[in-house]
Amino acid sequence: MRIEQLTYLAAVTRHGSLRRASEQLHVSQPALSEAIRKLEQELGVALLDRHRSGARISAAGQELLQPIVDVLEAVDRLKAAAGNQRTTRRTLRIGTVNAGTAALVLPAVRALQAADSAAVVEVRNLQQDEIHVALAEGTLDLGLVNLLDGDDVPPDLEATPLLVGSPAAVLPAGHPLTAGAEVTVDDLRAERFVAMRSGYLMYRFAHRLFGADLPTRWHSTDGAEMGKMMVAEGIGLTLLPDYSVLGDPLERAGLIVTRPIKGDTTVITMAALHRRQARVPPAVLELLGHLRDRARQPLPSRPPT
């Protein structure tokens, strides 16, 4: 067994395919595949599920992934102790649903970078189910998701609550509905509506709120950021967690405002997810600490209009 074989398997897991791993490692795909095959023969288990469309880590590989990561991190620590300046920190990969997460993720990454100039972070915008799968497979280290009342977290993942808020109607500044302190469901039904696409939490919430009587003029988009821009352009109204708008540049500039929904008591929680394991990598714990610190700080905003 060689260290590079473990590195190759971790890279395939991280990048999701032999091709992408070979590109990142600057190793030919046949050489990478053959090295992993030899490791499989030595261990006596199939580490990858190989299909015509590509290769992904197998169930047996997932069980061995954490010990492999532990070995690689131990090797990194050994090299650092020996003064090997070529050793670089393992990239931290974060998946976010991009609904209010930027105000937490960016300051947390900045704080991590200030504490360790060698820190390398990759942020991916994904849907919530994709984040769950990537965390389970080990291709993400941390995931930021929003949870509605009653939502369950997969048993192999651990959740750390960061922010708690409520669904809010997002309106363009100057819209007639901004004259009131709150909006009704009927108010929203009568307007052009911008929904999140199927697969997003706020898509589920909109259908829960409207029931079978949906707004007749229904646009849809991927992600909160485009939704907020569509509202600012007057294309329609949308529904988002209030904390995803508070402190947003469009809100601070006075281009969009929020109003609570009359009679709605739904709670939305933003949580950080990571795999349940005996030893959480120190870098993940460090970033999680920065996220908690940022979540405890008030977000900048402008007075209601």
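Guide: Buried means under 20% relative accessible area, exposed over 50%, partly exposed in between (1.4 Å probe, protein chains only). This is a predicted model: local features need pLDDT of at least 70, side-chain atom pairs count only at pLDDT 80 or more, and totals for chains, interfaces and linings use all residues. Residues are numbered from 1 along each chain as its sequence is written, and side-chain values use heavy atoms, without hydrogens and water.

Visitor: Within what arc do the buried residues of α2 fall?

Guide: Helix α2 spans residues 18–25, and its buried residues are Leu18, Ala21 and Ser22. (Helices are DSSP runs of H or I, at least four residues; strands are E, at least two; both are numbered from the N terminus.) Directions run from the helix axis to the C-beta atoms. The buried residues line one face of α2, because they fall within an arc of 100 degrees.

Visitor: Which residue just after α2 takes a positive phi?

Guide: Look just past the helix end. A phi of about 60 degrees belongs to His26.

Visitor: Which residue of α8 pairs with Asp151?

Guide: Asp151 sits in the loop between β5 (142–148) and β6 (157–165). A salt bridge (side-chain nitrogen of Lys or Arg within 4 Å of a carboxyl oxygen of Asp or Glu) spans 2.8 Å here. Its partner, 53 residues away in α8 (residues 201–210), is Arg204.

Visitor: Lys228 bridges to Asp248; how many residues apart in sequence are the parts this pair ties together?

Guide: Lys228 is buried at 1%, and Asp248 is buried at 9%. Their closest N and O atoms are 2.9 Å apart. Lys228 lies in α9 and Asp248 in the loop between β10 (237–241) and α10 (249–252), so the separation in sequence is 20 residues.
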